[in-house]
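Hi,

Here is the structure I promised to pass on. Have a look at it first, and then read my notes below.

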Amino acid sequence: MAGKVYLVGAGPGDARLITVKGLQCLEKGDVVVYDRLANPSLLRNMKPGAEKVYVGKLPDRHTMKQEEINQLLVDLALTGKTVVRLKGGDPTIFGRVGEEAELLRKHGIPYEIVPGITAAISVPAYAGIPVTHRDMASSLSIITGHESPEKLDKSINWEKVTNATGTLIFMMGVAKIGYISRQLITYGRSPDTPVALVRWGTRAEQETLTGTLEDIERKVQQANFQPPAVIVVGDVVTQREHLKWAETLPLFGTRVLVTRARSQASELAAQIEDLGGEPYEFPVIDIRLPEDEEQIAHADAALSRLETYDWVFFTSVNGVEYFFRRLEKLGQDVRSLHRARIAAVGPATKEALRARGIAAEELPGQYQAEGMFEAYGAEMHAGQQVLLPRGDLGRNWLPEVLREKGLSVTDAVMYETVPAGEEDDELLKLIEEGGIHVVTFTSSSTVKNLVAALKGMGHADPVQALSGAAIACIGPLTAQTARDLGFNVDMVAEESTINSLVQSLCDWRASNRD
């Protein structure tokens, strides 16, 4: 029995601009056939085990001819698979979806066309150009420009098109901008008509070039302005100076590699997106319950005597989460901690405890073990019982110092940190092309595991490969690990929090704007 094919518009580039239905299709596809105009980060929404096939086209070469793509969709569907054809923008606007759908229909293969947000409208919007305006343009035309002059003349009636609508949108016409401009002037448009070219609109590489029909070719040549780009012709272009908004955001033009565990990455990624940056999530660690039977037994024994502790120190949000997971599994009551003073390293850890009904004391100053000892050391006395629920990679400094002071310390492993073990060809391409502008590290393990992951994917020298990217670390310990491995650390958060890390990104970007 044949499968089904979803012909999905991925939107203009920003991964958040895919439609809800498009995302749902992507999540259930057995195989995804995609091109270079679809944001590769969308592929992270594929279900585990799904296959991906790249059929993208570049200006100077075709990875696969359109006829071959059409047949590929048929062949895949005939094996019974659910196929997602992920196409940049909207599949019905110069996306050749008609040819793909026609062949599917001929073979009796069910399909759906899932519209996407077209680059013809969204890309100008991200550059501050509304394609219509009450006082300037009440209509628009969308025209292909990705052809030779002879083919353009056959497909475009210049005499009618030139003045048919207030705004003209040319798709994929950068290489023909001179010819397009001359034809429009010849058929009646003023040489002073405003023109804008928006390259890689909605993506971190977004770049806008403006001019007039008379001078835009010269400006394109001088700037070496390259495709892909949307060309906007008309008075609406003048609105850009008043309405441009994306470029004013603090992290505009910045693609940030997020290396946190997938379960933790969303907060950092969301803040980057809100500030105009483009996060690229590549989790290099996984956080999970321990698998070592001895560690499990030790932790269970520690939690069975909660009423005996004088102090409980939580050093991370993960420590809080897995502590309560273990309590629930054991049927333990947190009220057994009634005699203990409970302290949290940092506001995020304190908030995680508060969400579970515990008003913990927050560690002032630096959010690390040394600060915890400085804050409470004078109040600790020999013979007191201390519980440290934490991860398997926690440093030994604090328990050793407490034991030297005469306290009885129970160091209980609540979770373990392991390499994520993922591979990502799209990340390798971005690194090779210099498309990663900042790398964020939120722990020493993310530094070590990113280096290991890149080596595992074929990079002999990951540090050198990322030498063009700025390095941002959440705290001094993470920064030292990065330096020890050869990275040049550009920024360290003032406080070891995600908010502070993001602020350091904004400060760095502001100081490096052209």
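Let's start with W200, which is buried, at 17% relative accessible area. Buried means under 20% relative accessible area, exposed means over 50%, and partly exposed is in between (1.4 Å probe, protein chains only). You'll find W200 in the loop between β10 (194-199) and β11 (207-212). Its phi is near 45°, a positive value in a residue other than glycine.

Before you go on: this is a predicted model, where local features need pLDDT of at least 70 and side-chain atom pairs count only at pLDDT 80 or more, while totals for chains, interfaces and linings use all residues. Residues are numbered from 1 along each chain as its sequence is written, and side-chain values use heavy atoms, with hydrogens and water left out. As for the element names, helices (H or I, at least four residues) and strands (E, at least two) are DSSP runs, numbered from the N terminus.

F94 also has a positive phi in a residue other than glycine, here near 55°. F94 sits in the loop between β6 (82-87) and α3 (97-106) and is partly exposed, at 37% relative accessibility.

What makes up the nonpolar surface patch of about 370 Å²? F94 belongs to it, together with I121, L140, I142 and M172. Patch residues have over 30% relative accessible area and no salt bridge, and nonpolar side chains (Val, Leu, Ile, Met, Phe, Trp, Tyr) are joined within 5 Å, like charges within 9 Å. A salt bridge is a side-chain nitrogen of Lys or Arg within 4 Å of a carboxyl oxygen of Asp or Glu. Areas come from the Shrake-Rupley method with a 1.4 Å probe, and for residues only the protein chains shown count as cover. I121 lies in helix α4 (residues 119-126) and is partly exposed, with a relative accessible area of 42%.

Now the helix pairs. The axes of α7 (residues 177-186) and α8 (residues 216-223) come within 8 Å and cross at roughly 170°, so the two are roughly antiparallel. Axes are lines fitted to C-alpha atoms, for helices over the stretch in contact, with angles from 0 to 180 degrees between N-to-C directions. Under 35 degrees counts as roughly parallel, over 145 as roughly antiparallel, 65 to 115 as roughly perpendicular, and the rest as oblique. I177, G178, S181 and R182 of α7 meet I216, E217 and V220 of α8.

One last thing to find: the peptide bond from P227 to P228 is cis, with omega near 5°. P228 is in the loop between α8 and β12 (229-233).

Cheers

Methods
Contact = heavy atoms within 4.5 Å.
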